[in-house]
Amino acid sequence: MTAETSLPSKADFAHVTDWVFDLDNTLYPHHVDLFAQIDRNMTSYVADYLGLDYDEARALQKKYYHEHGTTLAGLMHHHGVDPHHFLDAAHKIDYSPVLADADLADAIKALPGRKFIFTNGTVKHAQAAARALGVLDHFEDIFDIVAADFVPKPANATYDKFASLHRVDTKHAAMFEDLPRNLVVPRLLGMKTVLILPEPGYKGLERWEEHNEDDGNIDFVTNKLSEFLKAIL
């Protein structure tokens with residue numbers, strides 16, 4: 001199955017009562033690039049904690065990210081890092097690049113049913129970014145890496161815990177994500193899946209993050225979330 005690149009109709013999402021959004025590069029666009037700040041903070045943390053030079057720390061950080069889903073998961077598994085200390089250090093960033101998006105706020109507010117943020121980051125980080133966007137007040141709750149017991153997406157258990165905690169009927173839910181691998185489990189659970197792509201010309205994706213048009217786990221793709229949601233409405 002090839003993901004549909006056209007805007008959806010209202011009928012495509014008429015069954016959805018729970019709307020689940022990733023945070024980074026999903027609610028705000030890729031070019032805002034908050035993760036670049038977080039990424040540098042994580043590299044510095046790894047270097048300081050393990051006594052490595054910057055290049056060694058960065059290579060190890062990326063290795064853990066690919067093997068464990070997050071750098072933190074790798075550090076906890078191999079080095080017993082205090083996750084709260086790591087997360088506090090990683091998210092000491094400047095949120096000023098995130099601009100208020102009134103169109104997005106109006107669209108999220110108008111969606112019928114409950115809205116959630118589901119992130120591998122922290123509640124504090126999600127609140128700061130969503131507040132800057134002007135959308136924070138429209139969400140029922142934020143499910144973060146702490147609520148997930150530090151087991152990140154795309155682990156099956158993390159989606160199950162989210163759905164159980166909030167009593168989400170996954171066959172009546174939709175998931176919005178920027179990483180294709182994080183939509184595999186939602187699709188298996190019966191969720192409608194939407195991949196958020198960067199705007200044309202963006203060069204910041206790694207190869208494994210890129211969209212494969214034959215990916216059967218993705219129902220829709222879009223690079224303009226507010227327009228996509230308005231089409232549903």
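1. Buried is taken here to mean under 20% relative accessible area and exposed over 50%, with partly exposed in between. Asp 33 has a relative accessible area of 33% and is therefore partly exposed. This residue sits in the loop between β1 and α1, and its phi is near 55°, a positive value in a residue other than glycine. The model is a predicted one, and the points below should be read with that in mind.

2. Phe 150 is not a glycine and yet has a positive phi of about 65°; its place is in the loop between β3 and α7. With a relative accessible area of 15%, Phe 150 is buried, whereas Asp 33 is partly exposed. Arg 167, which follows α7, also has a positive phi, in this case near 50°. As background, most residues other than glycine have a negative phi, and most peptide bonds are trans.

3. The loop between β3 (141-143) and α7 (156-165) also holds Pro 154. The peptide bond that joins Lys 153 and Pro 154 is cis, with omega at about 15°. A colleague inspecting this part of the model may wish to view the cis bond together with the positive phi of Phe 150, given that Pro 154 and Phe 150 are both placed in the loop between β3 and α7.

4. How do helix α1 and helix α3 pack? Helix α1 (residues 34-50) and helix α3 (residues 71-79) meet at an angle of about 10°, and their axes are 11 Å apart. That angle makes α1 roughly parallel to α3, since angles under 35 degrees count as such. The crossing in which α1 passes α3 is left-handed. On the α1 side the contact is made by Met 42, Val 46, Tyr 49 and Leu 50, and on the α3 side by Thr 71, Leu 75 and His 79.

5. From α2 the contact draws on Leu 60, Gln 61, Tyr 64, Tyr 65 and His 68, while α3 contributes Thr 71, Ala 73, Gly 74, Leu 75, His 77, His 78 and His 79. The residues of the contact of α2 with α3 comprise five nonpolar, seven polar and no charged. Thr 71, Leu 75 and His 79 of α3 take part in the contact with α1 and are also listed in the contact with α2.

6. In helix α5 (residues 102-110), the residues Leu 104, Ala 105, Ala 107 and Ile 108 are buried. They cover an arc of only 165° around the axis, and so they lie on the same side of α5. The face turned away from that buried side carries the exposed residues Ala 102, Asp 106 and Lys 109. The buried residues of α5 pack against β2 (114-118), α6 (123-133) and α9 (225-232).

7. Which residues does Ser 226 contact, leaving aside its neighbours within four places in sequence? They are Asp 103, Leu 104 and Ala 107, of which Leu 104 and Ala 107 are among the buried residues of α5. Ser 226 is itself part of helix α9, and it counts as buried because its relative accessibility is 16%.

8. Helix α7 has its own buried residues, namely Thr 158, Tyr 159, Phe 162 and Ala 163. Their arc around the axis is only 130°, which puts them on the same side of α7. Ala 157, Ser 164 and Leu 165 are exposed on the face turned away from the buried side. Among the elements that cover the buried residues of α7 are β1, β2, β3 and α8 (184-188).

9. Is Asp 18 buried or exposed? Its relative accessible area is 4%, so Asp 18 is buried, and its place is in strand β1 (residues 18-21). Leaving aside its neighbours within four places in sequence, Asp 18 is in contact with Arg 114, Phe 116, Val 168, Asp 169, His 172, Ala 173 and Ala 174.

Note on methods:
Residues numbered from 1 in each chain as written. Predicted model: local features only at pLDDT ≥ 70, side-chain atom pairs only at ≥ 80, totals over all residues. Heavy atoms only, no water. Axes fitted to C-alpha atoms, helices over the stretch in contact; angles between N-to-C directions. Helix = DSSP H or I, 4+ residues; strand = E, 2+ residues; numbered from the N terminus. Parallel < 35°, antiparallel > 145°, perpendicular 65-115°, else oblique. Left-handed = near helix turned anticlockwise from the far one by under 90°. Contact = heavy atoms within 4.5 Å. Nonpolar A, V, L, I, M, F, W, Y, C, P; charged D, E, K, R; others polar. Buried < 20%, exposed > 50% of the residue type's maximum accessible area, 1.4 Å probe, protein only. Arc of directions from axis to C-beta.
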